[in-house]
Amino acid sequence: MSVLFLAALMILSPSRPGSLTLVNHGRSNWSIATRADAPPAVRHGAQELQSTLREMSGATLQIREATGPGPNEIWLDIVPDLPPEGFSLDAQGGGLSILGGAERGVMYGCYSLLEDDLGCRWYNTRVAKIPKRSTIRLPELHRKEAPAFEYREPFYTEAFDKDWAARNRLNGNSMHLDESVGGKVSYGRFVHTFSELVPPEKYFSTHPEWFSMVDGKRQSGYAQLCLTNPEVLQKVIEGVEKWIVENPKATIFSVSQNDTDYHCQCDNCKAVEKEEGAPSGVLLRFVNAVADEVGKKYPNVLIDTLAYQWSEKPPLHVRPHKNVRIRIAPIGACVSHPMDGCEANASPLKNLKDWAKITGQLYIWAYSTNFANYLQPLPDLDELSADPKLFRDSGVVGLFYEGDYSPGGGGEMSELKAYLLAKLMWNPDRPAKPIIADYVNGVYGRGAPYISKWLTQLHEGPRKRDLHAYIYDQPNAKYLAPDLIAKGLALFDEAAKATEADASAHDEVRRARIALEYVQLMQLPWKYEVSGGQYKPFLDDKRKELGARLAEDLRRYGIGQVSEGGSTDSFLQRIGQTPSGIPVLSLDDERLHVDVLPNSGARILRVLDKRTGRNILRDPVGGEAPQEAGYEEYTGEAYRSPGWSEKYTGAMEGGRLTLTGRTANGLEITKNLWLDSDGLHMSTSVKNLGDKPIPVTLRSHPEIALPAGDSMVALDSGDKVALSGHQFDRFFEGDQAPKRWWEIREPGLTVRQSFPVGTVGKALLDYYPGRAQANLCLYGKPVTLQPGEQTELQQVWTVSSS
């Protein structure tokens with residue numbers, strides 16, 4: 001090469017003072033250096049730098065081993081003076097050092113260089129942006145970063161991918177992050193672990209004192225533990241230490257209450273509760289004691305517990321120990337507004353603030369999808385944009401957002417939300433709007449202006465009209481008005497046209513459009529007809545066309561569920577996109593008509609009052625039937641524990657319908673239904689056919705439809721609850737529980753649920769204004785069925801009209 005050409009090249013490609021030229025016109029004399037014993041994530045960072053710089057420029061920077069930094073070298077190393085996941089980028093001595101407090105910190109520093117300084121993006125598992133540059137220069141770099149949260153998990157199927165999660169600096173338990181990328185925050189056990197630590201079926205018969213006392217009686221079923229019993233403490237410590245031995249790579253273990261109430265009311269537990277001002281004091285003292293003992297052998301292990309339901313209010317005196325994490329789960333919060341900017345969120349905000357006063361070691365379990373309709377638009381970008389900063393400022397150190405985690409994923413805007421959360425979990429001070437705009441522009445190309453306009457229109461209702469959104473809203477939610485959906489579909493038409501020449505962007509537009517097509521179909525009035533013993537949707541040409549298009553896209557993109565636990569195959573049957581219908585059995589007299597779906601958990605779909613023409617139960621919206629709405633039953637306290645979805649055989653004899661089914665854990669369920677002058681009789685018995693004890697709590701779950709006007713629930717105790725205002729749930733236990741009946745009084749109609757005295761342990765009232773629905777759930781007394789034993793729940797529904 002001539003001197004003249006070299007001089008010309010230098011004129012064409014000048015180096016700015018203090019800048020670093022890594023690649024000059026496709027060539028580089030730089031290398032990437034690590035120590036010989038560098039751990040896997042440091043080596044992975046080096047490989048990612050090498051491959052991405054090659055993809056950008058065509059130049060290959062060699063990776064070599066060294067003992068320290070040098071000129072024209074990107075030096076990767078671990079240093080003790082940085083946080084484990086923190087890093088520094090420092091240009092000095094003609095080279096660039098990327099240092100981390102541990103191996104993930106070094107790797108994150110590599111990704112930061114590629115993303116923040118060189119413009120690379122990994123939007124989702126299909127779409128990335130790697131800028132093409134024959135010459136790569138860096139400004140003089142001197143910066144340090146560390147994540148705002150020690151635990152960062154957007155819980156979406158699409159976010160589980162190893163490469164995507166590592167590149168976006170996430171470390172969640174469910175992500176496929178192995179040792180090659182430095183591992184992750186790994187839970188040995190995740191949540192609701194009391195029954196696993198001390199199984200009642202194993203210990204109740206010999207140690208009833210280990211289990212919670214409610215109304216003077218020790219609880220043998222799915223309840224709680226007696227947390228002031230020293231033997232229980234020792235048993236739990238042994239259980240946790242056994243978990244640690246079995247899961248040596250796990251860093252955190254949950255010692256947390258079962259997903260129910262029934263917290264202990266023995267004299268010792270009540271004394272601590274009185275002293276602490278809340279049941280959470282009993283729980284936290286117990287968890288601290290577990291953590292103290294475990295910490296002696298395993299000082300790096302964390303113990304996690306919940307602030308949830310009965311433990312949500314913080315205690316007065318006890319404080320979480322340094323190796324304890326409190327996880328708040330505000331499941332009833334409005335998600336269309338930031339937590340501190342919505343009157344509907346007054347209660348969860350107060351809980352957060354009160355816990356923040358006593359600890360800086362909080363975790364949050366938040367929610368970011370519609371669990372009843374994964375595909376349905378949920379206007380929660382404002383909440384997702386604002387709340388990570390609120391959480392950080394409130395002492396939260398771990399953040400988990402639960403989204404659509406089902407096989408195949410596909411939840412509405414899941415990948416945008418996961419990307420946004422990844423950025424804000426690292427640095428919640430970043431403005432969210434540029435992150436969202438960057439994603440939309442990068443993924444949808446020339447279709448981006450139309451997608452952006454759709455997202456703006458979707459959020460206008462919550463922003464301008466203060467409409468609230470919750471995580472079980474139906475397609476008829478106020479913020480999803482049919483004219484809004486029509487406008488959105490027109491925008492997607494424009495986006496599709498604009499991306500015809502860009503196959504990737506065109507396909508991404510098609511994926512995103514599923515959300516609107518789902519709502520468009522589900523908002524149509526659906527009618528089902530009984531024909532030949534089958535329950536089938538009535539399909540006109542429009543429903544056939546929309547259903548076929550949606551079915552094609554669900555199959556095309558491998559979307560396995562349309563709701564939590566609701567398979568796509570079942571959904572397609574419900575909307576008439578499979579050959580067979582749904583079997584139905586019916587009861588009928590001069591007053592009531594009842595439809596039952598034996599293959600769908602013996603669900604009662606309709607209780608029709610002939611005098612008013614009203615279905616007492618909430619009708620399925622769109623294609624919800626047969627897995628949503630109506631009436632279902634469970635064999636445990638937890639929502640949708642066994643019994644609600646199994647196939648039952650049914651037989652009619654003498655006006656009585658008998659349905660029989662079996663659960664996977666060995667229970668035989670027999671349901672008898674009949675009509676007489678008193679109304680609808682329901683008798684459910686459960687028998688243990690296995691060879692081991694099984695805890696059982698029979699629970700009913702009717703979704704009562706609420707007409708326009710004022711409604712209330714009245715109990716035989718004289719207590720009355722107005723069904724108005726924001727969404728709420730309320731348990732009636734002990735002396736407050738109904739003894740013989742409770743009823744819902746609606747305009748023109750009253751429905752009373754009666755039951756034998758002494759058979760109901762507690763009752764739960766759920767009110768969902770967005771769905772015009774109230775759930776009046778009865779819980780039988782918890783029992784542990786020995787082999788061959790059975791238990792029963794009886795009730796009569798009496799309907800009167802005025």
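## Sheets, helices and cysteines in a predicted model

Nine strands form an open sheet, ordered β30-β31-β32-β33-β44-β40-β39-β36-β37, and their pairing is antiparallel. This is a predicted model. Which strands stand at the edges of the sheet? They are β30 (649-653) and β37 (720-722). Each has a single partner strand, so one side of each is left without a neighbour in the sheet. From one strand to the next, the twist averages 15°.

Look at one end of this sheet. Strand β31 covers residues 656-662 and pairs with β30 over 5 bridges, in the antiparallel sense. Follow M652 across to β31: its bridge partner there is L657.

Another open sheet has 3 strands. Their order is β20-β21-β24, again with antiparallel pairing. The edges here are β20 (528-531) and β24 (582-583). Each of these has a single partner strand, so one side of each lacks a neighbour in the sheet. Strand β21, residues 534-537, pairs with β24 over 2 bridges. The direction of that pairing is antiparallel. Q534 stands opposite P583 in β24.

**Two helices side by side**

Two packed helices are described by the angle between their axes and the distance between the axes. Take helix α2 (residues 40-57) and helix α3 (residues 103-117). Their axes come within 7 Å. They cross at roughly 15°. Why is α2 called roughly parallel to α3? Angles under 35 degrees count as roughly parallel, so the crossing at roughly 15° puts α2 in that class. The crossing of α2 and α3 is left-handed.

From α2 they include P40, A41, V42, H44 and L53. From α3 they include E103, R104, V106, M107 and L114.

Is R104 buried or exposed? R104 counts as buried, at 14% relative accessibility, because buried means under 20%. What does R104 touch, leaving out residues up to four places away in sequence? The contacts are A41, E85, N171, V181, G182, G183 and K184.

A disulfide is a covalent bond between the sulfur atoms of two cysteines. How many disulfides does a search of the whole structure find? The search finds 0. C269 is in no disulfide, and its nearest cysteine sulfur, that of C266, is 3.6 Å away. For C342, the closest cysteine sulfur is in C334, at 3.9 Å.

**Buried residues compared**

C269 is buried, and C342 is buried too. R603, which lies in strand β27 (residues 603-609), also counts as buried.

| Residue | Relative accessible area |
|---|---|
| R603 | 1% |
| C269 | 2% |
| C342 | 9% |
| R104 | 14% |

One distance remains for R603. How far apart are the C-alpha atoms of R603 and I559? They are separated by 25 Å. Along the chain, R603 and I559 are 44 residues apart.

Notes: Residues are numbered from 1 along each chain as its sequence is written. This is a predicted model: local features need pLDDT of at least 70, side-chain atom pairs count only at pLDDT 80 or more; totals for chains, interfaces and linings use all residues. Side-chain values use heavy atoms; hydrogens and water are left out. Two strands pair if DSSP finds at least two bridges between them. Helices (H or I, at least four residues) and strands (E, at least two) are DSSP runs, numbered from the N terminus. Axes are lines fitted to C-alpha atoms, for helices over the stretch in contact, and angles run from 0 to 180 degrees between N-to-C directions. Buried means under 20% relative accessible area, exposed over 50%, partly exposed in between (1.4 Å probe, protein chains only). A disulfide is a pair of cysteine sulfur atoms within 2.5 Å. Angles under 35 degrees count as roughly parallel, over 145 as roughly antiparallel, 65 to 115 as roughly perpendicular and the rest as oblique. A crossing is left-handed if the near helix is turned anticlockwise from the far one by less than a right angle, and right-handed if clockwise. Contact means heavy atoms within 4.5 Å.
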